[in-house]
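Colleague: I'd like to learn how to read a model like this one. Could you walk me through it, feature by feature?

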Amino acid sequence: MKPTLLRFVLALMLLPFLWTAAGAQAVGFPELGSARPGRKDVTYLDLARMVIPDLAADKDGFYKGGLPIEMRHIEGPDSGGSPPETSGFSNAAVLAIKASGKDRLTMLFDLGDSPDSAEGYAVLALYDIAAKPKLLDAVNVALDRGTYFREPGKLSVGANDDVLVTMSAHFNSSQNYVITPLIMVRDEKFELIDMIYTFDENLCAFSRKQDVAFEIVADGQPYAAIKVTVTDATVLSGESCDDEPPRPESHAISVAYRWDKKTSRYAKDSDALDKLAGENAKRF
């Protein structure tokens, strides 16, 4: 299957993770050639070219370009692969956020497969668009084959700051693997808070699904606490299958991320989600 077709199929498979009607109001997918609202002199293509300098439209309105600018991986210097030599797309995901009280714009470009990694290559870009547009930061946020903003896209952790929620995933005939990073902006740079690993199965006798929910809890800190809950549910199909089905059950696993003034970072109050990731890895 061609990479572009594979990503389209993956996007369809992941629609339940992406956008409800309310979420769609936050994340936009404008045509790259269109102008920014209220800015006839600036198009989304102008912003995209700060990441891929030679990006240009072909006769079919598809945008193609060469290598992006150099950037780090959100997880650190030992993660991620090389960008593809050429990439193409018709639009990009756009999300406005607050960072230290300032209006900022983020754009997410999935550039396709990496030539030397099983992960794809996806650029999360941060812009100052108040006057003359300026690229403040760009990072590779790909952790699997396809990368998107995940609903709700952003979490308001105060009147002046938002935390971004993205996701990377791949699937096969019966399994769906998802990695959900939480990313904040500090000093005009992206900073990883943590990554949440979930794993869904859809077998003959049963399905097992792990849904992720987020809750903001004000606790008097500069940045509010983020409560992450994974609901792990096993549901029987009722079909007659060769294997003995497991017992149906549903339980919730919650971890709170609280701001630590001493380290100037978010810290989690439990390793429960790490244990879940380890248990999931044994089922791959």
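Modeller: D187 counts as exposed because its relative accessibility is 68%. The cut-offs are under 20% relative accessible area for buried, over 50% for exposed, and partly exposed in between, with a 1.4 Å probe and protein chains only. Before we go on: this is a predicted model, where local features need pLDDT of at least 70, side-chain atom pairs count only at pLDDT 80 or more, and totals for chains, interfaces and linings use all residues. Residues are numbered from 1 along each chain as its sequence is written, and side-chain values use heavy atoms, with hydrogens and water left out.

Colleague: Where is D187 found?

Modeller: In the loop between β14 and β15. Helices (H or I, at least four residues) and strands (E, at least two) are DSSP runs, numbered from the N terminus. D187 has a positive phi of about 55 degrees, although it is not a glycine.

Colleague: Is β15 mostly covered or mostly open?

Modeller: Mostly covered: of the 14 residues in β15 (residues 189-202), eleven are buried.

Colleague: And N280, buried or exposed?

Modeller: Buried, because its relative accessible area is 2%. N280 belongs to helix α5 (residues 272-283). For contacts, the rule is heavy atoms within 4.5 Å. Leaving aside neighbours within four places in sequence, N280 is in contact with Y197, T198, F199 and Q210. Take F199: it is 81 residues from N280 in sequence, yet their C-alpha atoms are 6.3 Å apart.

Colleague: Which residues does a cis peptide bond join?

Modeller: E151 and P152, with omega about 10 degrees. P152 lies in strand β12 (residues 146-158).

Colleague: Let's zoom out. How many helices and strands does the protein have?

Modeller: Five helices and 19 strands. Buried residues make up 48% of its 284 residues. Of the contacts with a separation of 6 or more, 53% are between residues 24 or more positions apart.

Colleague: Why does the radius of gyration agree with a compact globule?

Modeller: The rule, over C-alpha atoms, is 2.2 Å times the number of residues to the power 0.38. For 284 residues a compact globule would come out near 19 Å, and the protein has 20 Å, so the two agree. Along the principal axes, the C-alpha atoms fill a box of roughly 60 × 50 × 40 Å.
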